[in-house]
Every structure is written in C-alpha cells, then in structure tokens.
Amino acid sequence: MAGGGGGRAWPRVLLFGDSITQRSFENGGWGAVIANRLVRKCDVLNRGLSGYNTKWALTVLPKIITRPTDQGIIAAVVVFFGANDSALKDVNPAQHIPLPEYAENLKHIIQYLKSIGICEEKVIMVTPPPLDVSAWEKTCIAKGNKLDRCNSVTKEYTQVCVRVATECGTDVLDLWTLMQSENQNFSTYLLDGLHLSEKGSIFLETHLWPLLEKRTGNLPMIFPHWSDIDHLNSQASLLR
C-alpha cells in the first residue's frame with residue numbers, strides 16, 4: 001500500500017517505564033522487536049528511566065511528552081511501572097511508593113495524557129513482572145545490599161495496576177499473572193530475578209503486540225513501496 005510522508009510528523013508509539021523499558025532496545029529486546037514491526041509506519045520512542053518509580057515518572061512526564069500539534073501523531077502509549085514502586089519501604093525507602101500513592105500516580109499519568117489529547121483508548125498499562133526472590137536476593141547480596149523486594153508485595157502492586165486500568169478505561173497487560181500461569185518455572189523469564197531475560201522479553205512482546213496492533217494496524221506505510229514508484233515520474237509518486 002502506498003502511503004504519505006511529506007512534511008507531516010510520523011505517528012509515534014511511546015514506551016514509558018523504568019529499567020525494563022530502558023533496556024528493551026538492547027540485544028533484540030521487546031522494544032526493538034516492536035520498533036522493527038512498525039518500521040515505516042511509526043516511530044517507537046524508548047522513554048525508559050532506569051530506577052524510576054511512578055512519583056518521579058509523573059514529575060518528568062510533561063517534559064517527555066507535551067501537547068502534540070497533531071493529536072493523531074500519538075498512536076499508543078505503553079505505561080510500565082511498578083517494579084521499583086514495590087520495593088520494600090524498610091530496606092529501600094528511596095524507590096518505595098505506598099500502594100495508595102502508586103494508584104494515584106497511575107491515575108494522574110493517565111489523566112495527564114488525556115489532558116493533552118491522548119485518550120484512554122491509546123493507553124496500555126503493563127503490570128510489573130513477577131519477582132524471583134532467590135535470584136534477586138543473590139543480585140542484591142552481590143551488590144552489598146539486602147533483599148529489597150518480595151513477590152507477594154509485587155502481586156499487590158499488580159492488582160492495583162489492573163484495578164486502576166479498569167477504572168480508567170485503558171487496556172492492561174497483567175504480566176505478573178501471565179508469566180506465572182503459563183510457566184510454573186517463571187524464573188526463566190528473568191535475567192537476575194527482576195529484569196527480563198531474552199525469553200521474558202519475547203514473552204512480553206508476544207502478548208503486548210496484539211494490543212499495539214489494534215492501535216497501529218490501520219496506519220499506512222510511510223512513503224510508497226518501491227514497486228509503486230513511477231520510475232518515469234518519481235517525484236509525482238514520492239511527493240503526493
């Protein structure tokens with residue numbers, strides 16, 4: 001299908017999250033795979049912020065995305081926080097965010113996006129993945145730290161994320177539940193107990209893509225396919 005490019009900005013998919021998002025373009029990670037799927041249809045922007053919780057994310061969000069001049073420029077926004085918010089308060093107070101505040105921060109993120117013209121139908125929430133406590137404890141000890149997360153606590157943050165998404169009318173990908181229901185040995189999805197392994201990245205992309213495809217499937221190819229270019233009058237084909 002031939003498509004336009006012209007002087008208009010290309011549509012965008014925004015990936016907004018913590019280190020699991022920041023790392024998603026490394027070594028064929030889930031963000032890179034999505035970007036490849038959408039090549040010449042829209043730009044996929046990695047706005048992953050390693051170590052960030054929803055409080056800090058909410059503060060910087062207006063600097064990351066402002067009101068677009070063309071409301072159609074944003075095809076989708078993936079919001080993927082909770083792995084740091086769920087850190088244990090007594091061990092890691094810097095990253096910990098209490099559950100009620102986590103819920104409010106997620107709501108405010110969605111409300112801000114709506115205020116700049118990005119409706120809830122374009123937003124996809126992703127819960128934190130499950131935590132392999134044994135592996136993450138080894139990672140913490142290797143860094144001279146105490147274990148600062150617990151999978152049962154991560155479950156509580158997952159449940160809040162799902163509830164907020166339901167209340168606000170956005171889609172949600174419950175990664176915590178999916179990874180444990182489809183594979184009892186979910187540790188294979190995790191690199192160090194917290195961050196995604198290659199297998200975990202593939203798992204996330206496989207489940208996230210159908211939600212993104214609903215929002216990007218009708219986007220035309222940017223600039224025509226080479227076979228649609230009239231070689232005798234290429235400017236007419238390329239600039240229409």
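Student: How do the axes of α4 and α6 sit, in distance and crossing angle?
Tutor: In this predicted model, the axes of helix α4 (residues 99–115) and helix α6 (residues 151–168) come within 10 Å and cross at roughly 35°.

Student: Left-handed or right-handed crossing for α4 and α6?
Tutor: The α4 and α6 crossing is right-handed.

Student: OK, which residues meet there, in α4 and in α6?
Tutor: From α4 you get L99, Y102, A103, L106, K107 and I110. On the α6 side they meet E156, Y157, V160, C161, R163, V164, E167 and C168.

Student: And by class, what does the contact of α4 with α6 have?
Tutor: Counting by class, that contact has 10 nonpolar residues, four charged ones and no polar ones.

Student: You listed C161 and C168. How many disulfides does the structure hold?
Tutor: Zero disulfides. C161 is in none, and the nearest cysteine sulfur, in C168, is 10 Å away.

Student: Is C161 buried or exposed?
Tutor: C161 is buried, because its relative accessible area is 1%, and the cut-off for buried is under 20%.

Student: Switching topic: where does P100 lie?
Tutor: P100 lies in helix α4. P100 is exposed, with a relative accessible area of 60%.

Student: And what separates the C-alpha atoms of P100 and S50?
Tutor: Those C-alpha atoms are separated by 22 Å, with P100 and S50 being 50 residues apart along the chain.

Methods. Residues are numbered from 1 along each chain as its sequence is written. This is a predicted model: local features need pLDDT of at least 70, side-chain atom pairs count only at pLDDT 80 or more; totals for chains, interfaces and linings use all residues. Side-chain values use heavy atoms; hydrogens and water are left out. Axes are lines fitted to C-alpha atoms, for helices over the stretch in contact, and angles run from 0 to 180 degrees between N-to-C directions. Helices (H or I, at least four residues) and strands (E, at least two) are DSSP runs, numbered from the N terminus. A crossing is left-handed if the near helix is turned anticlockwise from the far one by less than a right angle, and right-handed if clockwise. Contact means heavy atoms within 4.5 Å. Ala, Val, Leu, Ile, Met, Phe, Trp, Tyr, Cys and Pro count as nonpolar, Asp, Glu, Lys and Arg as charged, and the others, Gly among them, as polar. A disulfide is a pair of cysteine sulfur atoms within 2.5 Å. Buried means under 20% relative accessible area, exposed over 50%, partly exposed in between (1.4 Å probe, protein chains only).
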